[in-house]
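Subject: Structure for your files

Hello,

Here is the structure you were expecting, with the sequence alongside. My notes on what I found in it follow below.

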Amino acid sequence: MRGSEKITTSHFERTALIYVRQSSMAQVRENTESTARQYALADEAVLLGWPRSGVEVIDADLGLSGRSTEGRTGFKDLVGRVCIGEVGAIFGLEISRFARSSADLSRLLELARLTDTLVVDADGIYDLGNFNDRLLLGLKNQMSEAELHFLAGRLQGAKRAAAERGELRVTLPVGLVYDDEGSTVVDPDEEVRAAITDLFAAFRAGGSAYQVVAAFKGRRFPLRAYGGVWAGQLRWGRLTHSRVLGVLSNPAFAGTYVFGRYHSHRVVDPDATVHNKVTKLAMEDWPVVIHDHHHGYITWEDYLANKACLAANTTNSGARPVREGTALCQGIIACGSCGRAMSTRYHRNGHASYECSASRADQMATPTCRSISALTVDEAVAERLLSALDPEEVALALAAADEVADRRASRSRAGELAVERARYDAQRAERAFDGCEPENRLVARSLESRWEDRLAALAEVEKALTETIAAIPELPGRAELEVLTSDVTALWHAPSTSPRDRKRLLRTLIADVTLLAEPDFAKARIGIRWHTGATDELVVARRQAVTEYRRTESAAIDLARSLSHLSNNDIAHQLNAAGFITGAGRPFDNNAVASLRRYHHVPSPSMLEESEVTAGEVARRLGITAGAVIYWIAQGWLTARRGINNQWCIPFGVSVEEKCRQRVIGSAHIHRPDSTEQQGTHELTVGEVAAVLGISTNVVYYWIERHHIDARRGLGGRWFIDFDAETEAECRTRVATSGHLKPVLESQTS
Ligand SMILES: [Zn+2]
């Protein structure tokens, strides 16, 4: 080899590194000649004089592009080892194979010069310390870069030209294949065709990709596997949401040839790593679009309509698709006062309302911004819609019904095709078995078992088909439909018509609904904009608020006011006697009069005598609960009387208050902290004392109350007992001498 005199003993003492790389796995698979030549460089190194043990091959980068060092561990390893000076020579088939980026390559060459590392390619040996060699390598680097540029340019140019003629072969989606002449045709496999056709039909029927996935539940969807050994082989799997989106957005199904839907470019991250980024181009930026390029499944208009429908389903870009709720104008109603979209709110009682809540939240609401019962708007809009539907439109609906019948037939078609195929397979297996010589027993046996397998498979798909057909609901006949559709109003209100269907019908005719500004609170003005551009304005009476239509007669309120010094029960009695009823249509009682007092500001009589207070007031003064006060009254410790409306009135003089305070101090059950200190080291809680002595906690509480043991009340009403040895001994004696204190049974686990 040229330049072998440049190799010195120092180089032989160090390692000879062979760097092997192919850009892609396809090259590794198909361009085996080149890979073999790269590996042969190891023999070359031995020929030049390196010992076999001193030659190493780095092939970690097979199948990785040399565009950048990103992900190429082999190249990084190579650079690292050159850096520490343990490499005598680097071998590569071409200098450009080390790195496509000249920055990476220059760095490697500079490091090689500093560490006196030789570079060897197919043409010769270079010593980077030698200016001529450096110049030559630099030149080769430039040349290969230029070559790459021209090559890429020519390739891209040829590719683009072929694409502009619609002849560049691209990966076709499932359902379309290339025929022998290279033209795009629909898949000859009927089962595949049926699946694609049904996908589009399901989208038309359901209006969303999720509905398509639901329609394909339990049914297989085809996939053509490309790449590697698959080579376009057909596989079957589950239909996913993303695949539905992929099919709907692929213009190939509309018979249109498009080149350049995606644009790939390189981006640099803040940490200086370079990677490829693929962006989707907008339809108007597609470089090559050829309509009617081949037979498709849908028309271009269908394609555009599907795209628009998908866009209308994307809520995060502001679209408001049809939802399941009952409010018809959900998503298309706007506030005519502030111009914002109104939100739909479902209340717990099942009623819905449209609310101008965005403006209110932003403090931008105008005086005429309001909420309105969804029923008020919906009834008016639906009535207007139904009156607008004339018989001609109904005829259109009938045509749609025929389409439904078609679609229904296609639902079982997939199953029928599967049966047909299984039957064909079984017949073939049978023929093979029949044709086999009887003396060839081994072959006959295996053929027979295969035939049996095929028959079993056939039975299985036949069963599946029967189930599918049974699962399809019976369709009404055309005559029945004509009768039905002649009464659109009945169809609209039929319980089998879902709110979703109603909304979709509404949206096909009505573009949007506006709640116009209306100063009269009892009325609502509703604007309707039809898709034709025509507008309508309706004025309807609003539903009254509950307090309006359930209003108590004013004569009853007047009577109650004149009797305000009486108790609620007495007033109720008088009102009932005078023949009045509540707004809800019931006789008056204590509660009804109480709410009447609250709502109509009828004053309550003063119910306390001089020096009397309520139970709540006693509780507040003593710092105890009202429950404790009621308990005292019940026990007879505290005198009290039932006042008007059945409330407790307690004479609470100075002496009574003092007596109560004494009781609070003496009681073990009324929670007032003696001190806020935490539990001390010698202190035990009631529960702990009970556990130590093996008695019930009630006994401990009793002792505390009787001052048999010393305790203080801590925060939260908790008792802390100063439980020293002396106290413990006393307690144990008390337990032992007591006739009725039985130790609590210890639990088995302790
Ligand atoms: Zn508003």
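**The five-stranded sheet**

Five strands make an open sheet of mixed pairing, ordered β2-β1-β3-β4-β5. Because β2 (55-58) and β5 stand at its edges with a single partner strand each, one side of each has no neighbour in the sheet. On average, neighbouring strands here are turned by 25° against each other, direction ignored. Two strands count as paired if DSSP finds at least two bridges between them. Helices (H or I, at least four residues) and strands (E, at least two) are DSSP runs, numbered from the N terminus.

β1 and β3 run parallel and are joined by four bridges; in β3, phenylalanine 91 is the bridge partner of isoleucine 18. α4 packs on the sheet and touches β1, β2 and β3, with its direction at about 155° to that of β1. α3 also lies across β1, β2 and β3, and runs at about 160° to β2. Axes are lines fitted to C-alpha atoms, for helices over the stretch in contact, and the angles run from 0 to 180 degrees between N-to-C directions.

**Before you read further**

This is a predicted model: local features need pLDDT of at least 70, side-chain atom pairs count only at pLDDT 80 or more, and totals for chains, interfaces and linings use all residues. Residues are numbered from 1 along each chain as its sequence is written.

pLDDT is the predictor's confidence in each residue, from 0 to 100. Its mean over the protein is 81, and 86% of the residues reach 70 or more. Over residues 744-750 pLDDT stays under 50, and the model has four contacts beyond four places in sequence for that stretch. Where pLDDT is low, the predicted coordinates should not be read in detail.

The protein has 27 helices and 26 strands. Of its 750 residues, 21% are buried. A residue is buried if 20 or more other C-beta atoms lie within 10 Å of its own, exposed if 12 or fewer, and partly exposed in between, with C-beta atoms placed from the backbone. Among contacts with a separation of 6 or more, 60% are between residues 24 or more positions apart; a contact means C-beta atoms, placed from the backbone, within 7 Å.

**Cores**

A nonpolar core is a set of buried Ala, Val, Leu, Ile, Met, Phe, Trp, Tyr and Cys residues joined through C-beta atoms within 7 Å. The largest has 32 residues, and those with the most contacts inside it are Leu17, Ile18, Tyr19, Ile90, Phe91 and Val119. Two or more residues each come from β1 (15-19), α3 (32-48), α4 (73-83), β3 (87-91), α5, β4 and β5 (124-127). Leaving aside neighbours within four places in sequence, tyrosine 19 is in contact with Ile58, Gly74, Leu78, Ile90, Phe91, Gly92 and Phe98. A second, separate core has 28 residues, including Leu199, Ala202, Ala252 and Phe253.

**Helix α21**

In α21 (residues 590-600), the buried residues are Ala592, Val593 and Leu596. They lie on the same side of α21, because they cover an arc of only 95° around the axis, taken from the directions from the helix axis to the C-beta atoms. Exposed residues Asn591, Ser595 and Arg598 are on the face turned away from the buried side. The cover over the buried residues of α21 includes α19 (554-562) and α20 (568-577). After α21 comes histidine 601, with a positive phi near 55°.

Another open sheet has three strands in the order β21-β23-β22, with antiparallel pairing. β21 (612-613) and β22 (641-642) are the edge strands, each pairing on one side only.

Two aspartates have a positive phi without being glycine. Aspartate 116, at about 55°, lies in the loop between α5 (102-114) and β4 (118-121), and is partly exposed because it has 16 C-beta neighbours inside 10 Å. Aspartate 292, at about 50°, is in the loop between β13 (288-290) and α10 (300-313); with 12 such neighbours inside 10 Å, aspartate 292 counts as exposed.

Tryptophan 492 is in α16 (residues 488-493). Apart from residues up to four places away in sequence, tryptophan 492 touches Ala382, Leu386, Thr497 and Arg502.

Regards

Technical notes:
Contact = placed C-beta atoms within 7 Å.
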